[in-house]
Amino acid sequence: MTDPKISAHDPAVSPERGSSTVSSTDAEKLSTAGTTFEEKPLQELSSGEGCKACKGSSDGQEKSQGRPLWTRVLVLLLALLLLFNLLLLLTPGGRGLVDAAQGRSSFFLAKERKLDDKARKQEEKLELIYDILKQNYYRELTDEEMIEAMYDGLLDKMDSQFTFYLSPESNAEMEESMKGEYSGIGALVSQKDKEYMISDMFDGSPALEAGLRIGDVFVSVEGKKASEFEDVTALSVMVRGEEGSKVRITVYRPSEKKELDFEVERRKITNANLHYEMLEDKIAYIRISEFNSGVSDNFISAVKDLLKQGAETFIFDVRNNGGGYVSEVTRMLDALLPKGVLATVKGRNEGKNFEESWESDDKMLVSEDLRYVILVNEFSASASELFSGCLRDWDKAVLVGQKTFGKGVGTVTRELSDGSALQITNFTYYLPSGVTVQDTGLTPAYEVELSDEVRGLPLASIERSADLQLMKALELAHKNIENQK
């Protein structure tokens, strides 16, 4: 299992522009898709209705009873394999299919489980449903297709939207999304209330040039409804493609209350995770696009450089940042804080509850009396909320902007032998004050909204004077300097 994640978006960003831009092109691969404070994704809507005229009172049962014994035995074994091995895989100990890849028998492991009467009846019902669907669906289904659908459906029925199944293709796409370069439209997309919404774009990106805006909600991609994609990664697979090719996208724009059609040319995108500069004398600015692999190294280098340039206070900008790796955000916090608790984590591991603390050591990169201003908005999620909330709880920072996303859980991703993977909500994290941001988010001390004219634009393309949130942050940064005298 790799580094945990806490995030809420699918990274698909173009290069930022500014005086100093640092990018990471050697991003960690998600061999088991790590634990993230994030929500990385795009989502869906679906509708369907059964054909009442095709039900028949007992036709499905008759066909099931007439099947050869060996097929019924096979279905039973497949059902056992699916139900019990997926349950086993929900623990980081990951048995079942993982053990099968190591030479152990998944079927033998399934037989170790004893079913009570209620579970046995449910198993028989599953077998019956399988048979009826197999015999009566409008097109012929392979066993492979049906079992794949069961994987997806089982995880989709969990009460956390961040738990889902990744096909080999989607898992490979997620790995690629954490790398430094890809061919796409240069937009970040977040999942919110079963919708896929553009949470950020960057100056000069194909998405921006085509007319897409932050806040646009995906309706379809290449004619396929957003509701039909199994997860945000699947949607992003269709959005991305060969450099120079075009993709047709339909979005709903809430500000205009209408749907809009776009044709966007795909281009090579370089993922820049951090931008920094001196905004004014003694006031440094660091914008963190996402907490992906390598960003902590870039952050530490940026802080050192800005201190050499005379920085006496910092503005950290995590607006539109949907999260990332736990190890990256905790390393950044460790550089800014003295020895103490960064967060408390409660979750389950190998079938047992656990509780642990993430802590910083006594080595600091900055002076202990340094104070910060942090810019947040509704797209600041997970790792961004940990970063902001932790510094706030330590009385090191004040928050400016809008209420954050509200993702207080982390996920682990377990890769299987065929390249597919399970992303599982594994733990809840609590800020130093003991509170969770899950479903509540962080409310800034200074709530400031952007004007309608610039709300849908990438941060890098907004004139400083028009960025009301940044202007408030600058005002507070000046006060930080005065208070240090």
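**Note on the predicted model: strands, cores and confidence**

1. Strand E19 (residues 372-376) is largely enclosed by the rest of the structure, because 5 of its 5 residues are buried. The cover extends to both faces of E19: Tyr372, Ile374 and Val376 are buried on one side, and Val373 and Leu375 are buried on the other. In a regular strand, side chains alternate between the two faces of the sheet. The model discussed here is a predicted one.

2. The neighbours of E19 in its sheet can be named. Strand E15 (residues 313-317) pairs with E19 in the parallel sense over 4 bridges, and Phe314 has Tyr372 of E19 as its bridge partner. Strand E20 (residues 397-401) also pairs with E19 in the parallel sense, over 5 bridges; here Val373 has Val398 of E20 as its bridge partner. Between E19 and E20 the chain passes through helix H12 (residues 383-393), and this β-α-β crossover is right-handed.

3. Which residues have the most contacts inside the largest nonpolar core? They are Ile286, Ile288, Phe299, Phe314, Phe316, Phe387 and Leu391, in a core of 43 residues. Phe316 links several parts of the description above: beyond four places in sequence, the residues in contact with Phe316 include Tyr372, Val373, Ile374 and Leu375, and also Phe387 and Leu391. In soluble globular proteins, nonpolar side chains tend to be buried together.

4. Helix H11 (residues 326-336) is largely enclosed by the rest of the structure, since 9 of its 11 residues are buried. The buried residues of H11 are Val326, Glu328, Val329, Thr330, Met332, Leu333, Asp334, Ala335 and Leu336.

5. Strand E22 (residues 421-430) is mostly covered, with 7 of its 10 residues buried.
   - Strand E4 (residues 164-166) pairs with E22 in the antiparallel sense over 3 bridges, and Leu166 stands opposite Ala421.
   - Strand E17 (residues 340-349) pairs with E22 in the antiparallel sense over 4 bridges, and Thr344 has Tyr430 as its bridge partner.
   - Strand E21 (residues 409-415) runs antiparallel to E22 and is joined to it by 7 bridges, and Thr411 stands opposite Thr425.

E21 and E22 form a hairpin with 5 residues between the strands, and Gly419 takes a positive phi near 95° in this hairpin.

6. Beyond four places in sequence, Glu355 touches Thr344, Val345 and Lys346. Glu355 and Thr428 are 73 residues apart in sequence, and their C-alpha atoms are 9.7 Å apart in space. Val189, in strand E6 (residues 187-192), is buried because its relative accessibility is 6%, where buried means under 20%. Val189 and Ser199 are 10 residues apart along the chain, and 5.3 Å separates their C-alpha atoms.

7. For the protein chain as a whole, the secondary structure comes to 13 helices and 23 strands. Of its 485 residues, 53% are buried. Among contacts in the chain with a separation of 6 or more, 75% are between residues 24 or more positions apart. The chain exposes about 21,800 Å², of which carbon and sulfur atoms supply 47%.

8. Confidence should be read alongside these points. The mean pLDDT of the protein chain is 79, and 75% of its residues reach 70 or more. Over residues 10-68 the pLDDT is below 50, and this stretch has 231 contacts in the model beyond near neighbours in sequence. Over residues 86-111 the pLDDT likewise stays under 50; for this stretch the model has 54 contacts beyond four places in sequence.

Key
Residues numbered from 1 in each chain as written. Predicted model: local features only at pLDDT ≥ 70, side-chain atom pairs only at ≥ 80, totals over all residues. Heavy atoms only, no water. Contact = heavy atoms within 4.5 Å. Buried < 20%, exposed > 50% of the residue type's maximum accessible area, 1.4 Å probe, protein only. Helix = DSSP H or I, 4+ residues; strand = E, 2+ residues; numbered from the N terminus. Pairing = 2+ DSSP bridges. Right-handed = clockwise from strand over helix to strand, strands pointing away. pLDDT = per-residue confidence, 0-100. Core = buried A, V, L, I, M, F, W, Y, C linked by side-chain atoms within 4.5 Å. Areas by Shrake-Rupley, 256 points an atom, 1.4 Å probe, with all protein chains shown as cover.
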